[in-house]
Every structure is written in structure tokens, then in C-alpha cells.
Amino acid sequence: MRHTLLPAAVLLVLLSGCKEKPAAVPAAPEVIVTPATASSYEIYTPSISNVRAYDSVDLVARVEGFLRKRNFRDGELVRKDQLLFQIEPDKYEAAVAAAEADLLKAKADQKNTSIDYQRQKSLLEKDAVSVRNFDTAESKKMQSDAAVLAAEAKLRQAKLDLSYTQIRAPFDGRISFNRYSEGNLVSPSSGSLATLLRSGPVKVDFRLNETDLLRLMESGSVRKNRKVREVPVELYFQNGKKYAGKGHLDSFDNQVSQTTGTFQLRAVFENPDEELIPGMYVKVRLRTGGSAKAVAVPLAAVQTDMAGDYVYVVGKDDLVERRTVKATRQDGSLYISDGVKEGELVIVEGVTKVRPGSKVRPQRQKPAETGR
């Protein structure tokens with residue numbers, strides 16, 4: 001009996017030692033928080049648009065001929081009246097010479113008919129010639145006068161066609177790539193030989209919806225003294241960088257589009273360093289109202305999903321709450337108009353470690369870290 005009970009007792013001791021210990025409760029994650037602060041901001045309305053040259057012209061051939069010379073490099077700056085294209089002028093010079101000869105001939109005939117007319121007129125006054133002879137002389141004079149006018153018009157047209165063999169820059173600007181090489185036959189049907197964009201300020205056309213337009217009008221920015229050019233406009237590049245040059249509202253349309261319900265405006269921006277390239281997409285910001293009150297939070301605190309913008313707030317007993325917010329970016333900051341109150345702690349670091357209802361260990365954001 002003693003040998004039988006001993007192994008059973010040993011087995012009980014071994015089994016009791018193999019029981020699992022209860023798992024340790026994980027520590028609450030540490031997060032960085034910052035309080036939402038009361039603030040106010042000026043109301044701006046953003047609009048996506050693109051840059052346009054202040055003036056643009058397609059250089060086209062107005063007469064037919066072989067392209068003899070091109071006097072510019074692709075993409076370079078050209079000056080007003082600079083000769084850009086030379087079309088072979090030979091046949092147009094010949095046309096001018098022929099028109100000049102026709103004019104001389106017409107004037108010679110005019111001189112003879114004028115002399116005969118004066119003679120017939122003098123004889124008619126003395127009753128020395130018939131009325132019929134005078135009428136014939138008068139008719140020939142009128143025909144010769146008309147022939148001179150026609151020859152003069154033909155000469156002007158010939159000279160005009162000759163002038164069209166030289167295509168010059170209508171203003172200072174930057175020219176596009178050349179579309180025809182020297183030696184090509186060009187004509188009015190050839191289309192644009194190159195495009196010239198004026199140097200200097202650029203235009204940016206953009207639109208406001210009716211609500212923003214009414215807000216703009218109520219603010220008095222446009223209505224007051226009708227000083228449209230004094231209304232400042234801001235511009236941002238696609239990468240979010242603000243354009244440093246000055247811009248102002250220049251003009252606006254005369255009606256709201258019935259199709260889109262929007263109103264078109266135009267801003268003009270200085271462009272001394274040619275940072276604004278025609279065709280590039282930009283964001284325009286126009287102040288359309290006064291100031292609005294809200295709470296400001298760092299951009300890092302705001303998250304976005306299919307439901308919209310939200311933040312995580314650390315509430316009572318360090319428990320996390322998810323708050324849906326209405327976020328507005330103005331002046332490079334983020335403002336919350338609804339969903340968070342002043343003084344509430346929002347999580348700016350560690351949002352991936354939390355979920356609604358979980359407990360955290362909040363640590364205040366250091367002053368040097370503000371605006372991260």
C-alpha cells in the first residue's frame with residue numbers, strides 16, 4: 001500500500017505545479033495631448049483654378065510662302081516688334097512693283113482725260129462744242145479717276161501682303177516651341193506657327209458659389225467705393241506653398257451662371273520672377289467675410305475616414321472619446337467650429353494606439369513641440 005500511494009501523491013504535487021498563472025493586465029498606452037484653445041479667424045473661400053497669361057497670341061501666316069528664316073530660339077524671351085518669322089517675299093515684292101506701274105499708267109491716263117475735260121468744258125461755255133462731246137469727256141475723266149483709286153487700292157494691298165511676309169512680336173513675352181522648320185510652305189491654313197505669352201503679371205480666373213458671393217458682398221469688400229483692385233487675393237501652389245507675390249481682384253463677370261450657380265471673378269498677380277507659369281493649377285483664397293470664433297487644434301490631432309473628420313479627446317478617468325468635428329483650415333491653421341470645447345485635451349501623438357473607450361496615460365505636449 002505504501003508503494004502504491006507514493007507515486008499518486010507525487011503526481012498530484014506535479015499537476016498542481018503546472019497550473020497557469022493569470023495573465024498580467026497591459027499598461028495603458030502613453031499619448032501626447034494638447035488642450036484646444038479658443039481663437040478666431042478670418043473667413044476665406046478657397047477655389048481651384050489655373051494661371052493664364054495676361055495676353056496670349058497665336059502667330060499665324062497671313063500670306064502663303066516658303067518659310068525663309070526663324071529668328072528666335074524655342075522658349076526664349078522676345079521683344080516687341082522683334083522679327084520672328086520671315087516668309088519668302090519675292091513674289092510679293094514683284095506684286096508691289098506691278099501695282100506701282102499700274103498706278104503710274106492710271107495717273108497718266110487721268111492726266112490726259114483731265115486736260116480733255118477742261119478743254120471741252122471751256123468750249124462748251126463758248127457754245128463752241130456740243131453737250132454730247134462734253135459729256136463724253138466728263139465720263140472719261142470720271143473713269144480715269146476711278147482707275148487711279150483702284151490702282152492705289154491695289155498698291156496698298158500689295159504692300160500689305162508684302163508686310164505680312166514678316167511676322168513680328170506684338171509685345172514683350174516668352175515664345176513657345178516652333179511648329180514649322182525653315183523651308184516649309186506655310187499659309188493662313190497652316191495654323192499657329194508659335195504662341196507668344198506676354199511677360200509680367202498673370203491672370204487667375206476663379207468662381208464663387210452664390211452663398212460665398214453673398215457673403216463677399218455683405219462684407220463690403222467689393223461694394224465699398226467699388227475699389228475692386230484693393231481687394232487682396234492669396235494664391236497657393238499645388239504643394240501647399242503660399243505664393244509670395246501680391247495679387248488683387250481685378251474684375252468680375254456680369255451674371256451668375258444659371259448652369260452651375262457660380263460667379264466668375266478674375267485676380268491679377270505680379271510675376272517678376274516667372275514663378276507663375278501659365279497653365280499650372282493653383283488654389284486661390286479670397287476673403288469673403290469677417291471673423292469667426294472657434295477652437296484651434298494642431299493639424300496632427302485631426303483624423304479623417306469615410307464618416308468625415310474626427311479627433312480623439314481624453315476625457316474623465318483618462319478614457320478616450322471619439323468626436324466628430326467640423327474642421328476649417330484658415331491662415332495655415334486648423335479650426336474646429338463644432339465637436340470640441342475649449343480646454344479639452346486632444347491627442348496629437350499616439351492616435352494609432354488608442355480606440356474609443358480605452359484608457360490612456362496622457363502627457364502634455366511641451367511648448368517647444370507646439371505647431372508640429
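Q: Where is the place of Lys 293?
A: Lys 293 sits in strand β15, residues 281-297. Helices (H or I, at least four residues) and strands (E, at least two) are DSSP runs, numbered from the N terminus.

Q: What should I know about the model?
A: The model is predicted: local features need pLDDT of at least 70, side-chain atom pairs count only at pLDDT 80 or more, and totals for chains, interfaces and linings use all residues. Residues are numbered from 1 along each chain as its sequence is written, and side-chain values use heavy atoms, with hydrogens and water left out.

Q: OK. Is Lys 293 buried or exposed?
A: Exposed, with a relative accessible area of 80%. Buried means under 20% relative accessible area, exposed over 50%, and partly exposed in between (1.4 Å probe, protein chains only).

Q: What is Lys 293 in contact with, leaving aside its neighbours within four places in sequence?
A: Ser 39 and Ser 40. Contact means heavy atoms within 4.5 Å. Lys 293 is also 6.7 Å from Tyr 41, C-alpha to C-alpha, and those two are 252 residues apart in sequence.

Q: Which residues of α3 are buried?
A: Phe 134, Ala 137, Ser 144, Val 148, Ala 151, Leu 155 and Ala 158. They pack against α2, residues 90-125.

Q: Which are buried in α2?
A: Tyr 92, Val 96, Ala 99, Leu 103, Ala 106, Thr 113, Tyr 117 and Gln 120. These buried residues pack against α3.

Q: What follows α2?
A: Asp 127, whose phi is positive, near 55°.

Q: How many salt bridges does the structure hold?
A: 17. A salt bridge is a side-chain nitrogen of Lys or Arg within 4 Å of a carboxyl oxygen of Asp or Glu.

Q: What does Lys 154 form a salt bridge with?
A: Asp 102, with the closest N and O atoms 3.2 Å apart. That pair links distant parts of the chain: Lys 154 is in helix α3, Asp 102 is in helix α2, and they are 52 residues apart. Lys 154 is partly exposed at 46% relative accessible area. Asp 102 is partly exposed too, at 35%.

Q: Which side chain meets Arg 266 in a salt bridge?
A: Asp 205, at 2.7 Å from N to O. Arg 266 is in strand β14 (residues 262-269) and Asp 205 in strand β11 (residues 202-209), 61 residues apart. Asp 205 is buried, at 16% relative accessible area. Arg 266 is partly exposed, at 23%.

Q: Which residues are linked with Asp 205 and Arg 266 in a network of salt bridges?
A: Arg 52 is linked with them in the network.

Q: Now the cores. Which residues of the largest nonpolar core touch the most other members?
A: Phe 206, Leu 265, Phe 269, Leu 276 and Leu 286, out of 21 residues in that core. The elements giving two or more residues are β11, α4 (210-219), β12 (233-236), β14 and β15. A nonpolar core is a set of buried Ala, Val, Leu, Ile, Met, Phe, Trp, Tyr and Cys residues joined through side-chain atoms within 4.5 Å.

Q: What does Leu 265 touch, not counting residues up to four places away in sequence?
A: Val 204, Asp 205, Phe 206, Leu 208, Leu 216, Leu 249, Ser 251, Phe 252 and Leu 286. There is also a second, separate core of 19 residues, including Leu 67, Val 78, Val 186 and Leu 193.

Q: Last topic, sheets. What order does the open sheet of 4 strands have?
A: β7-β6-β4-β9, with antiparallel pairing. β7 (166-168) and β9 (185-186) are at the edges; each has a single partner strand, so one side of each is left without a neighbour in the sheet. Two strands pair if DSSP finds at least two bridges between them.

Q: How many bridges join β6 to β7?
A: 3, between antiparallel strands, with β6 at residues 83-87. Leu 83 stands opposite Arg 168 in β7.

Q: What do β17 and β18 form?
A: A hairpin, with 5 residues between the strands. Asp 317 in the turn has a positive phi of about 60°. Strand β17 (residues 308-314) pairs with β18 in the antiparallel sense over 5 bridges.
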